[in-house]
Structure formats: structure tokens, C-alpha cells
Amino acid sequence: MKNVRKQGGLDAVELRLHQNLLSAIPEEMGLRLRRAAFSPNIKERLDFSCALTGRDGALVAQASHIPVHLGSAHLTAGHILAALGPQRGVDALAPGDMVLLNDPWAGGTHLPDITLFAPVFCARSKIADFGVLVRAHHADIGGAHPGSMGPALDLYGEGLVIPPVRLFRHGVLQQELLAMVLANTRTPDERQGDLLAQAAAVRHGVERVQELVRDQGAARLQRAVQALRRHAARSTKALLRQMRGGRHSASLLLDGPESPRLRVVLQRTPRGLRVDFTGTDPQVAAPLNANRAITISCLFYVLRLLLDRDLPTNSGCLDPVEVILPEGSLLNARRPAAVAGGNVETSQRVVDLLFLALQKAWPGRLPACSQGTMNNLTVGGVRADGRAWTFYETLGGGAGASADGPGESAVQVHMTNTLNTPVEALEAAFPVRITRYHLRTGSGGAGENRGGDGLVREMELLEPAQVTVLATRRESGAPGANGGGTGKPGEDCVIDPDGRMAPLLSSVAGKRGTRVRISTPGGGGYGAAVPRSARKP
Amino acid sequence: MLLLALRYRRPLKVLRIAVDTGGTFTDAVADDGRVVKVPSTPADPSQAVAAACAQLGAEANTEVIHGTTVGTNALLTRALPPTGAICNSGFEHLLLIGRQSRPELYALAPRKPWLPLTARLCAGVPGRLDHMGYEIEAFDAAACRRAGRGLVERGAQAIAVVLLHSWHNPAHEQAALQALLPLGVPVTVSSALQREFREVERGIAALLNAALRPVVGPYISALQRRLPQDALLRIMTSAGGTIASAVAAEQPVRLLLSGPAGGVVAAAALARTHRLGAVLSLDMGGTSADVAWCEGAVPHVPELRIAGVSVRTPSLAIHTVGAGGGSIAALDAGGALRVGPESAGSDPGPACHGNDGPFTVTDAHLLLGNLAPEFFPAGADSLDRAAAELALRALAKCARLSPLACARGVITLANASMARALRFMGEEQGRDPRQATLLPFGGAGGLHVSALARSLGVRRFLLPAAAGAFSAQGLLLAPLAATRSRTLLGALVARGARPGRTIARNSGQRLAPPPAKFVRELRDEAIAELLDAGASRRQVQVSVSCDLRYEGQSFEIEVPLCADLARAFHKVHQQRAGFADPTRRVELVGVRVRAEAAVPTPTALVLPPARGRKAQAVGRTRTAFGTGLPVFDRDLLLRGQKVCGPALLCDHTATALLAAGDEGVVLADGAILVQRGGAA
């Protein structure tokens, strides 16, 4: 057949077939991790991600777990391969090794996200042909605040920093290293359980890759990986061609008028798209800085939203995109900036920023901004018997309305999709009582289609505890689109046992009987609201 | 004989008929082996069910076992009536908030799964229990009735009640039930369905149950009226057992997988009969394929997922993938072919139905010569080859493939998504799918099994007789069953643990009640349900299992009750999760009781022996490419005959495809056991 198109030896059927084979691996790893993990954070809230990387560290496949980890896997693998590559001679990465890390400037994101990575070697090759990694949010990795998500001024105040180090050498667990890590967390038992579960998932991934290499042959599989990358790049390019030409700029404050400003300019180029964050404010002495990995993840996420659901998620999606990220800015901070909230807060604002710019490039296609925060709540204390306890949760809010309809209410938006902890499970495990948990009616922005409503969650402390809230969108609400109204900003308050109410600013030592009430932001509206009188009866 | 008659209260020679409603046909099987297929009547499925029963000679004391999709379809098509939800005050929107997650990660406008509930139909009532079940605030029954009346005025046609910690202490929910009953709409309280913690999943089960009652209840009454008077009607549950029709009308949430469960029960039974060991069942129909792993018995799960919603109700572990005969083939933006999950449905249907439908898996089979339309109930001319070819050429041109490569590619990709689901099923159990025997059924399962066996590395597969009516056969085999469960949330010590002896948790604040008392309560309730449904006490067998986890975990593993639970748990955990830690404390989260009453074994078909006669092909299929396949009529095959691939095996219910090298032998019951040929 003359007109049969082969892409690196792969036709339209083989492409999809290999996409299936490769993406099944991280999905199965996720199943494994979920079945084995200890903490509710991984098991019930699914705050983890699994990925498969290639010879050059590029992302080959990633399961749809949590978006904020999306697209940072290639930076992780790149760092590890650079740090522990063949140049280390006898000390280079070898089969059976497993690397542990969380250092935001050595392949990590924020400190609670602990990554395990294992190289996969085909036959006798010296360079790892593939890598598998599992990144999971651990409920505590030390630092001044339980949950490691508190208001620190720099990285060292946020917890234990782990550069790429081997937790397993030739398949043997390095007990001393593990002991060292566990000694630095408030919940060593749970950490150990989760880390071992993570290791089991990584091992499963390694076995599955080896099986696939045996079935398909190393050379054929590498060709397929390259073809899939080109496939993703081609699809992304086709998408970007639909954008309006010219420069589309947007700027947005992280929160109120005192807060740093984010800026972006989108411009179509012959190669695809240039995304220029120049003009974004410098990094700050607060835990709201993002490193490069986080900012890239946000961009990847927004592209993924617009791309066809069936396309493979690999480095090819970013190939036609040129990113300019000024060093030392809020979105590409220098060591040792504090970054705990970069993942969970600033990331949400980067998505909003890109939405605002894309609304100009693509009128009508994008919805209004969503709540734009994760409302991170950490509560912890020490029991009478000396055992420390801590739990961490994020709260949903209003989603932005779109041309198609109103925004969803009380839902996790954009860069996270973690489940809540059931009230019945929470009250049985920790000395707290939930006293309110309902929709924050009327908090969504007005419009032809209304923004989704936020929610209200109120908790009573049954024992003294430290309560920490890390949240934004407390001063300005989520902007609407196409004339739609702004959503209500969030509100956090502390209610003393005697009923006095005060705003909750970041962290508070609560007494027995103290209540903490979090009201999450609403989403932006879409289209100008039609006044009641002008409506047809 | 006399003893048998005593054991089974109904007369010994009672006719038993199983009826399974499908999208196109309603299949019925009698326990003497007769099979009938009548066209389904979607407007009122009970018509077809009654017609099928009549054809099989149903009479006054006939027992009819039914697998229904009436409730499931109402949920899938969002046709459930508006339903109210009453929660604790301050928690009004508990079920709307759900778990706060969105089902699709990358959606521009995220939507939570649909529920028959809106914010207007949410209400809160004063009254609160703590996590030990003690009252913190008294329940206000008058406020509850006012709230209920308000909901009915705002259009609620049923009401669900879910109150925090009712799994521990149902008193407040019982008070709510009493307050709401006078309103005259169906009311379901969450603790009446199960005594398990996690309020959202328990509450969603209650909500759906309440919403399903106005749909399923009238359907069951209508069916009962259409059947001969005094015919005994039983309904299949998601958990693979049958329940009395009156119970089904009260608790329709238990029927959500009533349809697929029958096939899985039949697969497990056939695996036992032929001593196959572990079996992966594959039920492939028009829009989707259901897969399950069974080894001796089918694994149960406490929760099922349907239409994006997690529903806490006991179920067989069945996984559904969007791959069926009607799955649509199309190209993505980057030029790669994809198959499903969208389906052509029955309107317009596949291209070969001649209604301008898209190119589907069925069309690919037709053009590749994998179908013999002369065996179809609608006859040889029922399929439009020209229309299918036209659709194929258009697709192949866009994909820059030859038509042959394109048609084969469509089948390959449909196989890939099923292979993945089958692998996941094994993975879920911590087992290697290569050790299993594949067992395909449904109209199209047999067409894909050989290729699936090859891609999974499975060595053999079994093609059951009358595979198109296999689910109905399973209904005949399903025991009468009742399940009860209860959360306990106590702790066992890792070593030397014994049921009935629990250890204080949280420095003495909290002592879990001894399970023995609960086990007895749950067992008595379950047995009572079976006795009510007509079983006798001596038929009933009870099994007890425990939900266990390591302390600190948030996910339980079910382990059958035994002397050393902790040890059994470590073993299962090792198998499922890849590690175990015997030094960790094991926590007893809940207990489950399953009571079953076996049913009379249906008469098995016995084929006459071949005595040296070879199996003869009855014809060859037509194909758009080269020569077709030899066709064997399964009704003409005899015991011990060999059939070698490439070949097509047909009866009036289903088609199976053997690839070159596959070698099948006909067994006494008409099933064909095939050893896969070719390299691994």
C-alpha cells in the first residue's frame, strides 16, 4: 500500500497499541500503591502519581493520578540520571537500585512529596533504558509545623530535605538511611508503611517494563516511545494552530493587593507556542514560591485540558512549547526559598493566569476561573500518652462556570483531585469533631451561568491542637469570564469556646473546645447576568 | 428422596425458569435444559420476561429467577425520580459534596456524577451522635417530619436519611423512619441497608435505594401479575445470590449488577465442574464487556461503581470496560486509531445495520469473515455488507491504512482494552492472569477469546454451550443468599489474636465490643431473611469473614473467620500488596456474614459420544478479503470430537473464533475446551 503512513515504523493501529501497553504500567503501579499504602492521604485521597520515563529522562507515560505531579517526572528523572549516571563509574545507578528524593532543586516538588525512582536496564546496557517513579504526598516530613505545610521563611524550616540518595542498593533496603528519614518525621510508622508500599509499586513497575521489553524487543520499544512522543507533539501543534495569532497577555495577583503579581504572555510561533512569564514578581520569604517543575506542571495540565482525551501523556505535549521562566521569580525560585505552598496554592494561580490569557486567544472555549486554592488545613497535637498525631486535608470549592453551564460546587479543582476524609473515619481516628459541612450557598459568581459554590467546614477540637491553614483567594475572588461576576473569596475563622470569633491567619494554637471554620471560595460566573426583570416569563 | 423433599419445602418436581433481560433479546433457560430467546420489550421488560416464561410452560408453582436491568438502566439514563436527602443539621449537602472529587481529571468543566438529588431537596435535622454511638444532641423527630413534608412539597418522590455514626447506633435513623413513614413516600434509612462506616458511600446507597423503589417496586409487581398466579419470583442481586421479590422491591439498590452477576456465577460453576482452577470470565455484549476473576468462588467486594458513583452494596468483583460489538472506531487528532468507549448502540447501530451507523467492531468482524449471519435469529440477510465496506473504506483512507489492515486493527485495539481489563482483574487479586483459563460468553466474547489468550499468555480457554444465554444459566445456579455486615473498629493484637478478644485502643478509651455477639446477631438476621424467602433451616450455610487492616491503614482486606485472623491477614496482605509486617498491630474493622441456601442442580445436558465420527464444517463464511472460515454448527457436534482452528463455531446464541493452531475438544456438556496454539 502506497499511502500507508508509517511513523517511525508505527501505523495508526500500532501507535495506539503501544500507547496502551506503556500507559498500563503506571496505572497498574497506582493500583498496587493504593492497595498497599497506609495513610489516608495516599489510599483514600489518592495524592500520588506514577510515571514511566525514557532513556533521556523524558516522560513516556503517566497515569491520570494527580495533575500537580504531571509533567515534573521528566525533570526528576533528568536530575537523577545526571546525578547518578555512568560518569559515577562503579557507583553509577545499577539494577536493583531505588532512589529516594524530595529536594525541590534536585528533581522534587515540595518537601512532603517524596519520590522513589528505579532505573530499568535492558540486557547489558550501561545506561538505564527506562525509569519508573512513584511520587506520593506524605502527611509529615518534619519541620516546624505538623504536616510540614506551615508558614516557614525558607526551605530548611519546612522539613527534611532529601537529595537523590539510594534507599535500595542492588535490591537491599538501606536500613540506616530509612532510620534517618523516619527519625525526622512526626509519624514514623505511617511513613515507613507508605514508603514500603511505594517501593512495592516501583518494583512492580520495573517488572512490568522488563516484561514488555522481553515481549517487544528493546529496539522496537524505543522506536515506539519516540513515535508516541512525535504523535503527542503533532497533536499539540494541531491544537495550538487553532489559537488566535498575536500576543495574549494576562496578569494576576496571588491574593490581595500586597501579594506578588504573576504575569504571562502567550505568543504563537512557527514551532508552536511561546509562554513567557517575564515580569512575574521575585520570590518571597513565605512558603508560596514555585520551582520550575511546578510551573511546568501547570502548563502541562492546561494543555492536557484542551487536548483530546485519548492522546498519550508524554513529553511530546511540551515539545512545541517554549517556556521563558525568569530565574529568582516566584515561579522559578532559587534555593533555599520556601515552597510548601507553591504546589498547592501558587500552582492554582498559574492555571488561572493561563486561563485568563487563553480566554483572549480562544474566545468562548475556556471557562471562568475556579476557587484557585486548595484550602490546606493541617491539625496536629500530642496525645496524653505522648504520641503525636497529625492530619492534613484540602477542601474543595466552586468551579468556574463555562459557556455550557454553571460551575460545579464543592469540588476539587485543577491541580488536585484528592478525596475528603469521611467524617466518621476522621472522628474515630483523631480528637476532633466536625460541626458543619455544607455548601456555601451564593458564593459562586453571578452570570448567565453561575459559578459553583464553595463549602463550609467547621471543626471542634476535643484536645488542644495546632491548626494551620495555608490558603489563598482570601482577599480577591475568582474572576468571571465573558462578563461573568467574581466568586466570593474564602474566609477562615477561629471561634473560642466562649463564642468569640476571630479571623484565622495561617496558624493558631487551639484550646479544647475551639472551633475552626473554613469557608472556601466560589467559582467565577460566565456571561453577563440577565436581570430578573429582563427575563422572559 | 423423602429427606430431599423435606429439605426443600416446595414440591420436588417444581419447574425452575431463569430469565435474563438483555438489550436486544430476553433469554430464558429452564432447569431441564430448554433455552428460548424472545425479543426484549424495552418499554416494559416484564412483557418479554412473561412471554419467555409462558413459552417454557411456566405454571402455578413454577419458580422464576430473574436478572433485571430495570433499575440499572433508570440510573444510567438518569430516569430516577427526584429524591430528598435528610442529614444532620449543618450537614445538609453531605451527599452533594460527596468526596469532593471530580470523576474526570482533565475536564474543562468538571461535573460530579449524576444523582437524583439537588440542593433544594437537601435538609438537615437536629440530633447528633459521637463516634462511639453516644448521643451528643437529642434527635428532633418533629423537625424531621417538618423537613420531610417540605421535601415532598418541593417534589421529592422518595426520601433517604443518612445520619453520622448511624452504623454504630441506628436509634436516630429509626426515629427518623418512624417520623417520615406517614408522608406516604418510600423512605430508606442508611443503617437499614448496612451497618458500615463512611457516611457518603452509605448515604449514596440509601439515596439510590430510595430513588429506585418507585421504579423497581412497580416493575416487580407488574411482572408478578403477568406470571401465573402463585409463581415464585426471585431476583438476582449484584452479589450473585437471589432474594425474594418482596425484598428486592424494598432494597432495589442490591440489584444494580443483577444482569452481569448471573454470567459470573455460571462461569464459577462451570470452572468447578470442569476443574479449571482460576478462571477469568469475559462477558462481551453490544456496548461493553464485563470481566471477573474467579477461583473456586467469585471474590466479593463491599462496594460497586456504576455511572461514576461509588455505591456501598455487596457485589461480585466485576469490572466493566467500554469495549463491545458496537464500539465505534475513529481517528484522534494525531492520526492514531481508537476503538470505543463510545458505542453505536441500537440506534443507529453498527454500519452493517444499514442505518448510516459508524464503523464498529461488529462491522470489522463481518468483513473479516468472522460472522455467519445465517445463524442469527434475524436471518442471513439481516446484515448490510455493502454499508459496512463503505464505512471501512472511508475510515481506512483517513487512517492511511489498507482496508484489511484497518479492519484487523479495529479488532486488535478492542482486544487491547479487554486484555488490559483482564490483567487489572488479576492484578487486583494479586494473581498472574497467565495461570487462568479464559471463559468467554455473551454474543461476542467467543470472537475475541483466542486473540486475548495469545496476548495475555493464557494457554487455554473454555467455550460454554449456548454462550449467548449463559447469564440466564447462572441465574438457575445462584443460591438464595442474604448478607449482613457491620463495622466494629477495634484492634486485634498482631500475634495470638482471637476473635472475641479485642484489645483496648487509644489508651483505654475505647474497647471494641466482642465480635461473637455481633456475629450471632448478623447470622440470625441473615438466616431469618432466607427462611422468609422459603428456604428451610437445614439448607442454610453460613460463612463469616472479617475486614482487617494494619492499624493506620484506611483500606480493609476481607479474610474468612479463622482461629488466627492476624496470621491469615498477613498472608493475604503479602499476596495482594506485595509485603506484610507481622510486627504491626492488626485492626478489626468489620465483620460480614453471608448465608446461602443452595438450589437444586439443573439437569445437565449430556452429548452422545462421537464414536469416531469427525466434526464436519457446514459451510464457509463470506469475507471481503480472500477466503472465509469453515463454519461448524455447535448443535451438531458430539462428545469427544475435535475442532481445529482456523474455524468459526456457531449456535443460535453466540459465535466463537478459533485461530490457526487452536485445538478444541467437545466435552460432555457441550462446552469446548481449547488449547491455544502458536508461540507464547
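Two strands are said to pair here if DSSP finds at least two bridges between them, and the strands themselves are DSSP runs of E with at least two residues, just as helices are runs of H or I with at least four residues, both numbered from the N terminus. With that in hand, strand S6 (residues 165-169) of chain A and strand S7 of chain A pair in the antiparallel sense over two bridges, and within that pairing Arg169(A) stands opposite Val172(A) in S7(A).

Before I go further, please keep in mind that this is a predicted model, in which local features need pLDDT of at least 70 and side-chain atom pairs count only at pLDDT 80 or more, while totals for chains, interfaces and linings use all residues. Residues are numbered from 1 along each chain as its sequence is written, and chains are lettered from A and ligands numbered from 1 in the order in which they are written.

Let me stay with chain A. The pair I began with belongs to an open sheet of seven strands, ordered S2-S1-S5-S4-S3-S6-S7, with antiparallel pairing. Its edge strands are S2 (59-62) and S7 (172-173) of chain A, each of which pairs on one side only. Helix H1 (residues 12-36) of chain A packs on this sheet, touching strand S1 (48-53), S2 and strand S5 (130-137) of chain A, and its direction makes about 145° with that of S1(A). For contact I mean that the C-beta atoms of two residues, placed from the backbone, lie within 7 Å; for angles, axes are lines fitted to C-alpha atoms, for helices over the stretch in contact, and the values run from 0 to 180 degrees between N-to-C directions. Helix H5 (residues 188-216) of chain A lies across S1, S3, S4, S5 and S6 of chain A, running at about 155° to S5(A).

An automatic or database domain assignment supplies the domain bounds, and for chain A these are domain 1 (12-232) and domain 2 (367-537). The contact between these domains takes 19 residues from domain 1 of chain A and 19 residues from domain 2 of chain A.

There is also an open sheet of four strands in chain A, in the order S13-S12-S16-S19, again with antiparallel pairing. Strand S13 (388-393) and strand S19 (507-510) of chain A stand at its edges with a single partner strand each, so one side of each is left without a neighbour in the sheet. Inside this sheet, strand S12 (residues 376-382) and strand S16 (residues 465-470) of chain A pair in the antiparallel sense over five bridges, with Gly380(A) opposite Gln466(A) in S16(A).

Turning to chain B, we have 17 helices and 34 strands. Along its principal axes the C-alpha trace of chain B spans about 80 × 60 × 60 Å. Of the 680 residues of chain B, 55% count as buried, where buried means that 20 or more other C-beta atoms lie within 10 Å of the residue's own, exposed means 12 or fewer, and partly exposed lies in between, with C-beta atoms placed from the backbone.

Which residues of strand S31 (residues 647-650) of chain B point one way, and which the other? Ala647(B) and Leu649(B) point one way and Leu648(B) and Cys650(B) the other way, and all are buried. Strand S29 (residues 630-633) of chain B runs parallel to S31(B), joined to it by three bridges, and Val631(B) has Leu648(B) as its bridge partner. S31(B) is also joined by four bridges to strand S32 (residues 655-658) of chain B, this time antiparallel, and a hairpin connects S31(B) to S32(B) through four residues.

Finally, how do the two chains meet? The contact takes 57 residues from chain B and 69 residues from chain A. On the side of chain B that touches chain A, the elements giving two or more residues include helix H8 (199-226) and helix H13 (403-428) of chain B, and H13(B) gives the most, with eight residues. By class, that side of chain B has 27 nonpolar, 16 polar and 14 charged residues, where Ala, Val, Leu, Ile, Met, Phe, Trp, Tyr, Cys and Pro count as nonpolar, Asp, Glu, Lys and Arg as charged, and the others, Gly among them, as polar.
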